[in-house]
Amino acid sequence: KTSARIVTFGLDEGADIKGSDYQIMLLEHAPEGIEFKAKHGGEETPVKILNALGKHQASAALSAIAAGTCFGIKLEDAAEALSLYSAPPGRLKLIKGIKNALILDDTYNSSPKAAQAALETLAEIPAKRKIAVLGDMLELGKHTITAHREIGEAVAGKKTDFLITVGVRAKFFAEGAIKAGFYKKNIFSFSDSTETVRELEKIIESGDLILIKGSQGVRMEKIVEALMAEPEKASELLCRQDEAWKER
């Protein structure tokens with residue numbers, strides 16, 4: 001209905017700015033970023049973004065490229081600018097963990113779509129074992145139970161080895177996962193981060209990949225800090241590290 005110029009973007013056919021051949025870049029089996037091709041008209045250029053993970057990051061990059069084309073920015077110039085981007089703390093950042101494990105820190109916030117995207121990213125990265133540590137998704141109102149159960153079902157479909165839930169609502173992750181066939185013995189549910197850390201310290205082995213995600217109010221970054229190999233870098237690598245947050 002708008003009379004404005006319309007520019008579309010995405011990974012699907014028909015987009016004006018189309019992304020293709022998306023994949024995670026690996027360096028010695030460890031993820032270091034994403035890469036894909038961006039096409040506009042008859043022009044095509046590779047895009048590589050270090051320190052960012054997930055197909056949704058490619059979609060966000062394509063939206064930036066689309067905006068750029070409206071101002072005459074060439075694809076190769078947009079790709080060069082995007083190569084300098086680094087995702088902020090708490091948004092699927094890869095952090096070295098204890099026992100030579102790796103942590104996917106996605107603790108800034110959570111929602112059904114964001115949790116689904118995080119699980120898809122976890123599934124894409126090769127690892128000896130995969131552990132999903134999921135905290136409550138808040139502010140979902142009447143959809144709270146259903147949304148948590150659906151994410152639990154998604155965990156079961158992503159070849160995850162362990163599911164750890166944190167919070168009163170998160171127990172519905174477990175319900176959904178069990179219903180979808182997840183091995184009940186490999187599910188652990190806790191009310192707070194302290195209990196969670198104790199159990200994870202027992203479970204974690206060398207080569208594990210651990211996704212940690214939850215809404216702001218659950219403070220899942222505290223779990224990351226307890227499990228990271230270099231906790232002295234918490235103020236640099238984690239979200240909510242200012243004094244006002246630390247005192248809560």
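Predicted model: local features only at pLDDT ≥ 70, side-chain atom pairs only at ≥ 80, totals over all residues.
Biologist: How many salt bridges does a search of the whole structure find?

Modeller: Side chains of opposite charge can pair when their charged atoms come close. A pair is counted as a salt bridge when a side-chain nitrogen of Lys or Arg is within 4 Å of a carboxyl oxygen of Asp or Glu. Searching the whole structure by this rule gives a total of 15.

Biologist: Which residue forms a salt bridge with Lys213?

Modeller: Lys213 is found in strand S10, which covers residues 208-213. The closest N and O atoms of the salt bridge are 2.8 Å apart. The pair links distant parts of the chain, 107 residues apart, with the partner in strand S6. That partner of Lys213 is Asp106.

Biologist: Is Lys213 buried or exposed?

Modeller: A residue is called buried when its relative accessible area is under 20%. For Lys213 the relative accessible area is 3%.

Biologist: Which residue has its backbone oxygen 2.8 Å from a polar atom of the side chain of Lys213?

Modeller: The side chain of Lys213 takes part in a salt bridge with Asp106. A polar atom of the Lys213 side chain also lies 2.8 Å from a backbone oxygen. The residue that supplies this backbone oxygen is Asn109.

Biologist: Asp105 is buried yet has no salt bridge; how far away is the nearest side chain of opposite charge?

Modeller: Asp105 is found in strand S6, residues 102-106. Its side chain is joined to that of Thr107 by a polar contact of 2.6 Å. The nearest side chain of opposite charge belongs to Arg240. A salt bridge requires atoms within 4 Å, whereas the distance from Asp105 to Arg240 is 7.3 Å.

Biologist: How far is the charged end of Arg91 from the centre of the ring of Tyr108?

Modeller: The charged end of Arg91 sits over the ring of Tyr108. To be counted in this way, the CZ atom of Arg must be within 6 Å of the ring centre. For Arg91 and Tyr108 the distance is 3.8 Å.

Biologist: Which helices are tied together by the salt bridge between Glu175 and Arg149?

Modeller: In the salt bridge between Glu175 and Arg149, the closest N and O atoms are 2.9 Å apart. The two residues are 26 apart in sequence, so the pair ties together separate parts. Glu175 is partly exposed at 36%, and Arg149 is partly exposed at 35%. Glu175 lies in helix H5 (residues 171-179) and Arg149 in helix H4 (residues 144-156), so the answer is H5 and H4.

Biologist: In the salt bridge of Lys18 and Glu13, which residue is exposed?

Modeller: The side chains of Lys18 and Glu13 meet at 3.6 Å, N to O. Lys18 has 13% relative accessibility and so counts as buried. With a relative accessible area of 70%, the exposed residue is Glu13.

Biologist: What is the phi of Asp21, which is not a glycine?

Modeller: Asp21 lies in strand S2, residues 17-27. Asp21 is also linked with Lys37, Lys39 and Glu44 in a network of salt bridges. Although Asp21 is not a glycine, its phi is positive, at about 55°.

Biologist: Where is Asn51 found?

Modeller: Asn51 has a positive phi of about 60°, although it is not a glycine. Its relative accessibility is 46%, so Asn51 counts as partly exposed. Asn51 is found in the loop between strand S4 (43-50) and helix H1 (55-70).

Biologist: How far apart in space are Leu211 and Lys93, C-alpha to C-alpha?

Modeller: Leu211 has its place in strand S10. Leu211 counts as buried because its relative accessibility is 0%. Leu211 and Lys93 are 118 residues apart in sequence, and their C-alpha separation in space is 9.8 Å.

Biologist: How many disulfides does a search of the whole structure find?

Modeller: Cys239 counts as buried because its relative accessibility is 6%. Cys70, at 38%, counts as partly exposed. A disulfide requires two cysteine sulfur atoms within 2.5 Å, and the number found in the whole structure is zero.

Notes
Residues numbered from 1 in each chain as written. Heavy atoms only, no water. Lys NZ or Arg CZ within 6 Å of the ring centre and 35° of its normal. Buried < 20%, exposed > 50% of the residue type's maximum accessible area, 1.4 Å probe, protein only. Helix = DSSP H or I, 4+ residues; strand = E, 2+ residues; numbered from the N terminus. Lys, Arg positive; Asp, Glu negative; His and termini not counted. Polar contact = N/O pair within 3.5 Å; in protein donor to acceptor, adjacent residues only side chain to side chain.
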